[in-house]
Amino acid sequence: MNTNDIPENRNCTLQKCFLLFLVVITLHLQATTKTYASKVTLKGKVTDKSNGQPIPGATIYIAELKSGTASAVDGTYSINDLPAIKVLVQVKSLGYKTLLENIDLSVITEKNFELETAITEVNEVVITGMSKNTEIKRSPVPIVVVDQKYLQQNLGSNIIDGISHVPGVNAVSTGPNVSKPFIRGLGYNRVLTLFDGVRQEGQQWGDEHGIEVDEYSVDRIEIIKGPASLTYGSDAMAGVVNLIPPNPARPGSIFGEVFNNYQSNNRLIGNSFMLAGNENGLAWRFRASHKMATNYENKIDGRVYGTGFQETDASAFVGINKQWGFSHLNITLYDDLQEIPDGSRDSLTRKFTKQITEADTVRPIVSNKELNQYQINTLHQHVQHYRVYSANTIILGEGKLEVGAGFQESIRREYSHPQAPDVPGLYLQLQTFSYDLKYHLPEWKGIETTVGVNGMYQENANKGTEFIIPDYKEFDIGPFAFVRKAFDKLDISGGIRYDNRSFSNSSMYVKQDASTGFGIQVQPPDTAGASHPFADYKHTFSGVSGSAGATYVFFRQFFRESECCPWVPRSQHFRDLCQRSASGHQHLPDRKSCLQTGVQFTGRHRLVFVYQTCECKHRGIQQQHQQLHFRPEITEQSRRRFRDCCGQSNLSF
């Protein structure tokens with residue numbers, strides 16, 4: 001990048017932000033006697049809370065360090081090379097309620113966990129929208145978590161189709177393998193898509209350009225339904241879709257995965273192979289995938305011409321985890337050939353026709369062989385996306401520095417000339433360098449403070465014969481600060497951010513090439529008779545944004561809806577509301593997927609306030625609804641009935 005192309009005010013802003021970071025880190029290092037955290041090992045045992053039996057295969061994972069393990073046959077576990085800092089530990093096992101616990105590794109190095117059996121999962125750790133990993137119930141940001149099970153049950157032609165049934169989320173599709181996420185009616189540049197926390201840049205302004213991600217490489221998705229500009233900038237006005245790949249393999253293990261998918265409508269054949277391992281702190285993973293489909297079919301048109309596609313993907317990951325933190329390097333490759341449907345039909349037979357000349361005066365009818373073949377047509381798009389990014393966390397005493405950087409290139413070619421099949425009409429080449437720096441200051445009186453800066457530098461170039469957007473350069477920078485305070489049940493958080501975006505594009509002149517008849521770019525002085533679709537333009541946009549939020553966890557105990565707990569109010573309307581929401585108004589889950597909470601507040605007149613919450617997880621989607629009921633004083637008979645059934649000694653909470 002030529003620094004002469006950057007406006008002077010942008011250079012000043014960038015210098016000030018980096019100087020601020022250097023000052024903060026320098027002051028912190030002077031105030032502490034430790035450069036790196038001590039090396040510790042967390043060990044213990046995972047057991048069933050009801051009977052004390054060991055739970056083998058339970059996952060113990062620390063998301064902020066990307067480190068974890070699984071319990072042995074006797075329930076014991078051990079995680080080595082950990083820094084002596086405060087972390088959020090997640091313990092989960094199939095059929096048990098996920099346990100989340102904050103542990104100070106400088107004090108505690110041995111911890112036993114007791115898991116409770118549960119019908120549904122209502123607790124998750126989220127990494128999107130907050131400065132650090134947070135329990136979903138304690139996040140003031142409205143967020144939905146979609147797990148791998150849901151994605152596999154809702155496979156489409158691409159990853160965005162898989163979340164189109166999440167309440168509040170839609171997918172706009174204009175062709176084969178092309179879908180864009182919409183959140184509460186807003187999409188395109190107002191919804192920010194991330195892959196593993198790195199912004200996805202690939203001409204998202206257009207509805208014929210999809211998200212260039214291998215759907216088989218995504219393990220879970222976190223969706224923010226609402227503004228998230230504090231952490232991600234103004235592009236996250238409507239929300240964020242974070243596509244998250246699998247966690248690194250457990251230490252000392254090597255495992256593989258083979259996934260096959262067949263869909264009958266368009267005869268889609270999908271295959272994916274993955275191999276991953278982790279030995280002595282060195283983790284790695286490789287995945288290769290391929291999908292191909294012919295024209296899809298509907299009951300009115302039969303097979304729709306121009307809707308086939310072929311997609312090939314590959315990704316690789318390597319990283320090291322030590323007591324000082326971790327450093328991970330990732331590479332992804334995406335290559336997609338997708339046909340271009342135009343919907344043209346013969347006026348007599350109503351069968352599909354195809355373009356064979358530039359003048360498009362004669363259109364032959366598409367044969368049944370062409371409608372059923374996997375071979376890509378002459379008129380098609382070729383979409384390629386390459387990405388290299390690195391995520392790093394360095395422990396600095398009691399503080400923590402996160403550094404992320406990535407480079408990606410999106411190449412889109414639309415072959416729209418039937419008599420010149422090798423000449424792309426639309427040819428866009430977009431290169432993006434993104435950066436993200438965060439420094440988590442040492443906790444002070446329970447206050448967690450994070451300062452950071454993120455943004456990107458971007459260049460777009462036209463190399464085809466059609467020109468719908470200019471050649472441009474863009475530079476974004478956004479420093480921010482975030483503060484969070486956690487009490488017993490109350491979490492308060494807030495922050496402020498300043499965004500600065502400099503945009504510039506040069507004049508574009510286009511004239512017809514005498515030899516081919518196609519449009520080409522020309523430069524002065526050879527502009528006589530040329531059109532001038534884009535003039536010189538330069539502008540700097542800036543703005544300040546802030547947000548504040550709070551969460552309060554006031555229920556203390558869960559118990560299932562059953563006839564042995566008669567004092568818990570049962571509202572058919574309430575159950576239906578929970579069921580409809582959990583299913584996206586399409587499928588009713590089993591009633592056992594709903595949990596209720598009763599919280600007793602006994603007042604002066606012995607009136608019981610019962611708060612009822614329905615936590616649902618249907619097909620991988622979590623929803624929550626609440627109702628408040630007022631009940632007369634609980635009778636002693638009800639107390640005994642509840643005690644005998646649910647095993648509680650009393651009804652006081």
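Where is D207 found? D207 lies in the loop between β14 (198-199) and β15 (220-225). This is a predicted model, in which local features need pLDDT of at least 70 and side-chain atom pairs count only at pLDDT 80 or more, while totals for chains, interfaces and linings use all residues. Residues are numbered from 1 along each chain as its sequence is written, and side-chain values use heavy atoms, with hydrogens and water left out.

**Figure 1. Overview of the protein.** The secondary structure comprises 6 helices and 38 strands; helices (H or I, at least four residues) and strands (E, at least two) are DSSP runs, numbered from the N terminus. Of the 653 residues, 50% count as buried, where buried means under 20% relative accessible area, exposed over 50%, and partly exposed in between (1.4 Å probe, protein chains only). Contact means heavy atoms within 4.5 Å. Among contacts between residues at least 6 apart in sequence, 62% join residues at least 24 apart.

**Figure 2. The surroundings of D207.** D207 is partly exposed because its relative accessible area is 30%. Leaving aside residues up to four places away in sequence, D207 touches T174, V178 and Y188. The C-alpha atoms of D207 and G187 are separated by 9.6 Å, and the two residues are 20 apart along the chain.

Figure 3. N158 is placed in the loop between α2 (148-153) and β11 (169-175). Its relative accessibility is 7%, so N158 counts as buried. A polar contact is a pair of N or O atoms within 3.5 Å; within protein, one must be able to donate a hydrogen and the other to accept it, and residues adjacent in sequence count only if both atoms are side-chain atoms. The side chains of N158 and S179 are joined by such a contact of 3.3 Å. A polar atom of the N158 side chain also lies 3.2 Å from the backbone nitrogen of D161. Not counting residues up to four places away in sequence, the residues that N158 touches include V178, E215 and K291.

**Figure 4. Strand β30 and its partners.** Two strands pair if DSSP finds at least two bridges between them. Strand β30 (residues 508-512) and strand β31 (residues 519-522) run antiparallel and are joined by 4 bridges; here Q512 has G519 as its bridge partner. The hairpin of these strands has 6 residues between them, and G517 takes a positive phi near 80°. β30 also pairs in the antiparallel sense with strand β32 (residues 531-534), over 2 bridges, and V510 stands opposite S531 in β32.

**Figure 5. An open sheet of 4 strands.** The strand order is β3-β2-β5-β6, with antiparallel pairing. At the edges are β3 (67-70) and β6 (99-104), each of which pairs on one side only. Strands β2 (residues 59-62) and β5 (residues 86-92) are joined over 4 bridges, with V89 in β5 as the bridge partner of I62.

**Figure 6. Aromatic pairs.** The structure holds 6 aromatic pairs. The ring centres of Y216 and F259 are 5.3 Å apart and their planes stand at 50°, so this pair is tilted. Rings of Phe, Tyr and Trp (its six-membered ring) pair if their centres lie within 6.5 Å; planes under 30 degrees apart count as stacked, over 60 as edge-to-face and the rest as tilted. Both Y216 and F259 are buried. Elsewhere, ring pairs link Y472, F503 and Y537 into a cluster.
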